[in-house]
Amino acid sequence: MQYLLQLLISGLAIGAIYGLIAMGFAVIYKSTGLVNFAQGEMTMITAYIAWTISTTVSGNVVVVAFGAILAAILLGLVIERVVMRPMLGEPVFATVMVTIGLAVILRSAINFIWDAYPHGLDVGMGRDIVRLGGIGVRTGQIAVIATLLSLLAAIWAFFRYSKMGVAMRAVAADDRTALLMGISATRVHALAWAASSVIAGIGGVFFALSYDLSPAMFQLGLKAFPATILGGLDAVLGSGLGGLLIGITENLAGGYLGSGMKEIAGFAMIIVVLMIRPFGIFGERDIERV
Amino acid sequence: MRTGDYKQTYGELVALIDSPPVWLWSAVLMLALIAAPHVLNAYALTFLMIILITVTGALGLNILTGYTGLISLGHVGFLVTGAYAYAILVSKYHMPPLVGFLGAGLVPALASLVVGAPSLRLKGLYLAITTLAFSFIINTVILEMRWLTNGARGISVQRPEILGISFDSDAAFTYLCLGIATLTLLATLNIRRSRVGRAFVAIRDNDTAARVMGINLHAYKLLAFVTSALITGLAGALYGIYLSFVSVEGFPFLLSIEALAILIVGGLGSALGAVLGTVLIVLLPEATRLVFSLFSAQLDAVFTTGAQELKSMLYGLVIILFLRFQPRGLVGAWHDIRRAWVNWPLRY
């Protein structure tokens, strides 16, 4: 029982990180209709920048958090302006391939700029262990779950009530009609990329806080895929919850079936889910005209 | 005066090669390729081998992604299955290499049924991600089935001897690759001009419309998966033999992306494009290295220390630039040049 609870809690914590990155995917998908295959790499860059700030400027939590968020916004905006905006109006397949190309470039750039050794992000907190009913939990793990939940609420409200949120949904549904209605698609896309970069970046920084930075971190993006797919690509809330579900499944599979199963539990799960619901658990079915 | 390239009969439309000059140049190219192993040095010959093996794999992916429009991000899964099937049959159970190649085709084809069948209801990106999941699952399966695959230790593979002919030397192995690549090219071209190929393209253009016109979507999508996996598996076996060692690390996820990059750079949905794209992508790092070394020794040094990173950055950059400026790929550029040549001095 103790073991099960331990697995569940650490599954929730890693799942919250997946959930944050998956929300990054979903925010971009919801407003631009694209899957951003460079999400894992963008997450990684934000985490590396946070680490650089913590070692060179100051290890203060506020400074690191502020710097990382600023860097993530900048990263999202630059990528949108330089790489994605010229592709506006091109077929989806071509644009998605551009993000794959971008992922390759970013990953090599990271290896080029930073070294290949693992680094721990130290901001003086987040690694202390709290006892909750006999189970050891790191404060960082509690913080990431709380962050995920509050961001979920905030984003739900944003898409539901704010004018910009509605505009984003309109652009995703049909960008030409949205343009005719006077919505600036470019501004919507820029906002989506910046927001997605920040949300996923927060996940990346939390990952660096609880585990370590390493060049293999881009795999977080691949791990968060199943979460996004599970929730449905266009469901931001679903992706966040999908992340938690994947994290728990993965940890239970790892704890009871062996480490090989841990690696693929998420992927096996989405194959099963997609067989039953081809658009994810919370995703909306596409209606096509011929 | 000739005003265009008109096809007047159905036979002309589906002809494999539609004009005498193309016949001539194909023959010249074939002769050059046959002579190449005796002319090129060992270093250049490696590139020729890689190009021929990669062409086979790219043509395999082209059937699925280029013709049928089903995006696969997990084709490396079929590549690694083919390589392992060959290695296990030939190195472990000492079967003749021909049986090995047969297995390298059939095992991925069976695996493709397993991944294809659940994917029939999926479209676009959802399908891409299922294939991605498949390639990760297959890697874990290979690592876990230690009794069959030696797990992470891998299996070493010898160059084969088929029907008494030894393919041990580089030149002989190049001929083997050349033979398989040529047969694959002919096979894909023939598939494209048959009823099956037209069904594939109809599914790519609009699957609902194709279904309304009486094309059995499930059967043809599965057929595309099986054909594609079979060819890719053969390429995997060749690549395994080329590496002389089959392991999961020898087939990284990047290969899937490289294969898609080849198709896009060449021109999606065209066999010629797959060939041109392969040549460009395989030679790109080498060409860049040459240009760098021409300019200065210092740049060359940077290139050797960060070679791997710069190489992959180039991949990414080339993919993005092609999608941005020449979405129809090298084949599109070639068509433009040809049209400009024929119509000169008129625009069209």
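Buried residues account for 51% of the 290 residues in chain A of this predicted model. Chain A contains eleven helices and two strands. From the N terminus, its elements follow the order α-α-α-α-β-β-α-α-α-α-α-α-α. The radius of gyration of chain A is 19 Å, which agrees with the value near 19 Å for a compact globule of 290 residues. Along the principal axes, the C-alpha trace of chain A spans about 60 × 45 × 35 Å. Contacts in chain A were also sorted by sequence separation. Of those between residues at least 6 apart in sequence, 76% join residues at least 24 apart.

Chain B was examined in the same terms. Its secondary structure consists of 16 helices and four strands. Of its 348 residues, 43% are buried. A compact globule of 348 residues would have a radius of gyration near 20 Å; chain B has 21 Å, and this agrees. The box filled by the C-alpha atoms of chain B, taken along the principal axes, is roughly 70 × 60 × 40 Å. For chain B, 76% of the contacts between residues at least 6 apart in sequence link residues at least 24 apart.

The contact between the chains was considered next. Chain A contributes 34 residues and chain B contributes 32 residues. On the side of chain A that touches chain B, the elements giving two or more residues are α4 (92-113), α9 (219-231) and α11 (259-276) of chain A. Helix α4(A) gives the most, with 14 residues. By residue class, this side of chain A divides into 27 nonpolar, four polar and three charged residues.

The largest nonpolar core has 188 residues. Within this core, the residues with the most contacts are A:A47, A:A50, B:A83, B:L238 and B:I264. Helix α8 (residues 185-210) of chain A supplies the largest share of the core, 16 residues. The surroundings of one of these residues, B:A83, were listed. Leaving aside residues up to four places away in sequence, B:A83 touches B:G236, B:A237, B:Y239, B:G240, B:V246 and B:F251.

A helix pair in chain B was then described. Helix α4 (residues 75-92) of chain B packs against helix α5 (residues 97-119) of chain B at an angle of about 145°. The two axes lie 8 Å apart. The crossing of α4(B) and α5(B) is right-handed. From α4(B), the contact uses B:F78, B:T81, B:G82, B:A85, B:Y86, B:L89 and B:V90. From α5(B), it uses B:P97, B:V99, B:G100, B:F101, B:G103, B:A104, B:V107, B:P108, B:A111 and B:S112. The residues of this contact comprise twelve nonpolar, five polar and no charged.

One residue of chain B, B:D170, was examined individually. B:D170 lies in helix α8 (residues 170-192) of chain B. B:D170 has 17 other C-beta atoms within 10 Å and is therefore partly exposed. Not counting residues up to four places away in sequence, B:D170 touches B:A42 and B:L45. B:D170 and B:V14 are 156 residues apart in sequence. In space, the C-alpha atoms of B:D170 and B:V14 are 37 Å apart.

How values were computed
Residues are numbered from 1 along each chain as its sequence is written. Chains are lettered from A and ligands numbered from 1 in the order in which they are written. This is a predicted model: local features need pLDDT of at least 70, side-chain atom pairs count only at pLDDT 80 or more; totals for chains, interfaces and linings use all residues. Axes are lines fitted to C-alpha atoms, for helices over the stretch in contact, and angles run from 0 to 180 degrees between N-to-C directions. A crossing is left-handed if the near helix is turned anticlockwise from the far one by less than a right angle, and right-handed if clockwise. Two residues are in contact if their C-beta atoms, placed from the backbone, lie within 7 Å. Ala, Val, Leu, Ile, Met, Phe, Trp, Tyr, Cys and Pro count as nonpolar, Asp, Glu, Lys and Arg as charged, and the others, Gly among them, as polar. The radius of gyration is taken over C-alpha atoms; the globule rule is 2.2 Å times the number of residues to the power 0.38. A residue is buried if 20 or more other C-beta atoms lie within 10 Å of its own, exposed if 12 or fewer, and partly exposed in between; C-beta atoms are placed from the backbone. A nonpolar core is a set of buried Ala, Val, Leu, Ile, Met, Phe, Trp, Tyr and Cys residues joined through C-beta atoms within 7 Å.
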